[in-house]
Amino acid sequence: MTLHVFWRCGLCIALSAAATAVLIVMTAGSAPGSPLSVDVFPEWQYMLRPEREILYYRFFVALALLNGLCSFLFFQPQAIHPHQMKEMKIHPWRHWEWLVLLGLVMFFGGYSPNPVLATVSDFFYHFDSFFMAPGWAAISGLRLNVDVNSEYSVLIPTLTAKLLDRIGHFDYPSVLRTLIMAAMIYFIMFYLFLRSLTRNTAAAGAGLLAAIGFQMFHSGVYPVLWQFPSATAIRFFWDIPVLALLLAHARQGQTVYVLAGSCVTGIALMWMMDTGVYLYLAFSAYVVWTNVYHKKFFEGLWCLLIPWAMAFAIGWAIGRKDIFTPLYWHNTFEFAGLFLQGWGALPVTTSLEQHRYVAFGMGLLIPVFYVWTMLCVGTLCFLRRLAWENILACVLCVYGLGLYHYYVVRSAPTSYAVVCLPAVALVFWILGRLNPRKLMWLPIYGGLGLFFWANPLVRTYPQLWSSGMTWAGEFSTDLELSQDAALIQDLTDPSQRVPLLSSFEVKILMQAKRKPYFYYFPIFQSDAMRMLQFRGTYIHTHSRMKKIVQALETDRPPLIFVEKKFFNGSIPAVYYRRFQTLMMLMSYCHQKYEPYKEGKYLMALKRKI
């Protein structure tokens with residue numbers, strides 16, 4: 001019996017889900033282990049939760065696609081309402097669309113950057129680790145992932161820091177403005193791409209609102225919108241250009257679009273390694289599918305090498321001979337390796353345990369939606385019942401399934417929203433292709449308007465956090481660090497790398513115009529320096545501590561700058577018992593160094609003979 005394409009694909013997914021459930025039950029009795037368990041300090045053991053959910057996720061996706069392929073090869077499907085999927089002419093450009101783009105510029109540009117407000121909730125950590133620490137190291141002449149670590153990217157902080165340093169000043173407000181501008185440009189590109197993909201301005205406008213609402217204004221970033229740079233649109237900045245070039249190639253067939261897409265994919269590989277790899281997989285899938293569709297199986301496969309050549313060229317331009325060393329690549333993948341071994345993992349059931357049922361349902365529904373869409377649309381395209389340009393929906397599915405590793409690894413209730421953009425594009429592509437009447441868009445726009453009106457992040461944007469202004473203002477007094485920066489300037493040479501163990505290490509060294517000494521930068525979690533408390537260090541493993549101590553023993557720096565309250569033992573003793581890393585560092589300082597000079601919060605220690 002010939003089954004409807006839609007239900008046949010659903011059957012493939014149901015069988016795959018059942019097989020995955022069996023695999024989960026079979027492996028439930030044995031807890032997964034992690035080699036990190038013996039290396040992680042006790043204070044960080046709570047972050048180590050090894051799990052098999054990536055295995056289950058990949059098993060489900062691979063099996064569903066295999067079932068769909070077998071169904072396509074051995075059975076002749078029937079098309080799904082082809083009259084509803086007919087080709088449409090793209091809507092002509094409307095004058096009101098200029099107002100949409102102008103509104104976007106005003107929406108993002110109306111925010112007045114306040115680095116204290118934007119980063120106070122996590123005390124600069126994510127801003128420092130993503131932008132400021134590696135950026136300052138780069139413009140100070142140090143090599144990223146050789147002299148100083150860069151956890152997320154080498155290209156983003158290097159490019160941002162050097163451009164800002166050349167045209168103005170590399171500081172927190174400038175970087176915050178850059179982040180906001182990148183988001184503004186990205187969502188303008190998103191609208192233009194969705195408009196071209198759907199050939200429907202109403203669908204593109206609604207898709208734009210949904211993309212901004214779900215990706216930016218979710219509760220995971222409350223109460224401060226820009227506090228996690230890695231979760232903003234800058235993470236995916238190059239995916240829209242690549243997808244737009246592939247769409248142009250699918251419509252016009254000109255090789256130049258694939259060549260340009262391969263070069264941009266190479267930039268994405270160096271921009272953010274994980275996102276770049278997922279975009280490369282989507283690009284490769286398109287190239288292979290196009291060859292199969294036109295029965296030119298090996299033609300043009302050489303272009304799959306261009307992204308890696310482009311990425312290598314960018315890496316060489318930044319790191320020169322460092323990219324030929326094993327140390328560079330080991331350091332580049334060190335941070336990602338922690339997550340692959342269970343660092344920071346959260347089970348998919350987290351939302352269920354917190355009674356956030358909508359989030360749990362969305363977390364399970366999105367990958368099913370990707371696989372179902374890929375099977376249905378791919379089948380119809382290869383049966384030539386849909387125009388080949390619709391294969392871009394399948395490309396979006398491949399890219400979305402890759403991005404969804406972000407949620408699978410760390411299944412916080414809002415993690416799916418960070419990587420939801422391909423799903424949003426697909427939903428409004430389907431709505432646009434079904435070509436509903438104009439009146440049918442009114443409830444969609446009404447629902448999106450209600451979402452924005454009810455969202456506290458939207459209501460307080462751009463002022464943000466009005467109720468927290470007083471506290472943020474009080475906190476800003478802790479950022480008056482000129483006296484300590486002057487202490488470092490007086491006792492060190494500008495060419496010197498300065499060992500500093502303190503809150504706000506990045507800001508102090510930037511103000512003092514000195515290079516960081518330690519490879520892991522920053523080391524201490526920042527906190528109010530006038531308060532007798534301690535939040536912890538970023539020395540997660542014994543391997544990191546060993547690297548720090550080895551550097552100090554090898555170089556024997558004559559001076560170390562330490563926050564006074566830690567060296568003098570002014571904070572409660574419970575902090576030294578709880579944080580083994582703090583105890584080890586202060587013990588080393590007491591053993592090898594002695595007090596020399598003092599600033600407002602810092603103390604210069606001189607090495608004992």
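Begin by selecting Asn-145, which is buried at a relative accessible area of 1% (buried means under 20% relative accessible area, exposed over 50%, and partly exposed in between, with a 1.4 Å probe and protein chains only). This residue sits in the loop that runs between helix H5 (125-139) and helix H6 (155-167), where helices are DSSP runs of H or I with at least four residues, strands are runs of E with at least two, and both are numbered from the N terminus. Although Asn-145 is not a glycine, its phi is positive, at about 65°. Most residues other than glycine have a negative phi, and most peptide bonds are trans.

Before going further, note that this is a predicted model, in which local features need pLDDT of at least 70 and side-chain atom pairs count only at pLDDT 80 or more, while totals for chains, interfaces and linings use all residues. Residues are numbered from 1 along each chain as its sequence is written, and side-chain values use heavy atoms, with hydrogens and water left out.

**The whole protein**

Of the 609 residues in the protein, 56% are buried. The protein exposes about 26700 Å², with carbon and sulfur atoms supplying 66% of it; accessible areas come from the Shrake-Rupley method with a 1.4 Å probe, and for residues only the protein chains shown count as cover. Among contacts (heavy atoms within 4.5 Å) between residues at least 6 apart in sequence, 75% join residues at least 24 apart.

**Arg-199**

Now select Arg-199, in the loop between helix H7 (172-198) and helix H8 (201-216). Arg-199 also has a positive phi, near 60°, in a residue other than glycine, and at 15% relative accessibility it counts as buried.

**Helix H11 and what follows**

Move to residues 273-293, which form helix H11: at 1.5 Å a residue its 21 residues should span 30 Å, and the end C-alpha atoms are 30 Å apart, which agrees (the expected span is 1.5 Å times one less than the number of residues). The helix is mostly covered, since 15 of its 21 residues are buried.

Within H11, Asn-291 is buried, with a relative accessible area of 9%. Leaving aside residues up to four places away in sequence, Asn-291 touches Lys-296, Phe-297, Phe-298, Glu-299 and Leu-301. Val-288, which also lies in helix H11, is partly exposed at 37%. Together with Val-292, Phe-297 and Phe-298, Val-288 makes a nonpolar surface patch of about 410 Å². After H11 comes Lys-295, whose phi is positive, near 55°.

**The cis peptide bond**

Select Phe-521 and Pro-522 to see a peptide bond that is cis, with omega near 0°. Pro-522 is found in the loop between S3 and helix H26 (542-555).

**Confidence**

Finally, colour the model by pLDDT, the predictor's confidence in each residue, from 0 to 100. The mean for the protein is 82, and 86% of its residues reach 70 or more. Confidence is highest in strand S3 (residues 515-516), at 94, and lowest in helix H23 (residues 469-475), at a mean of 43. Over residues 463-474 the pLDDT is below 50, and this stretch has 17 contacts in the model beyond near neighbours in sequence. Where pLDDT is low, the predicted coordinates should not be read in detail.

Definitions and conventions
Patch = residues over 30% accessible without salt bridge, like charges linked within 9 Å, V, L, I, M, F, W, Y side chains within 5 Å. Salt bridge = Lys/Arg side-chain N within 4 Å of Asp/Glu carboxyl O.
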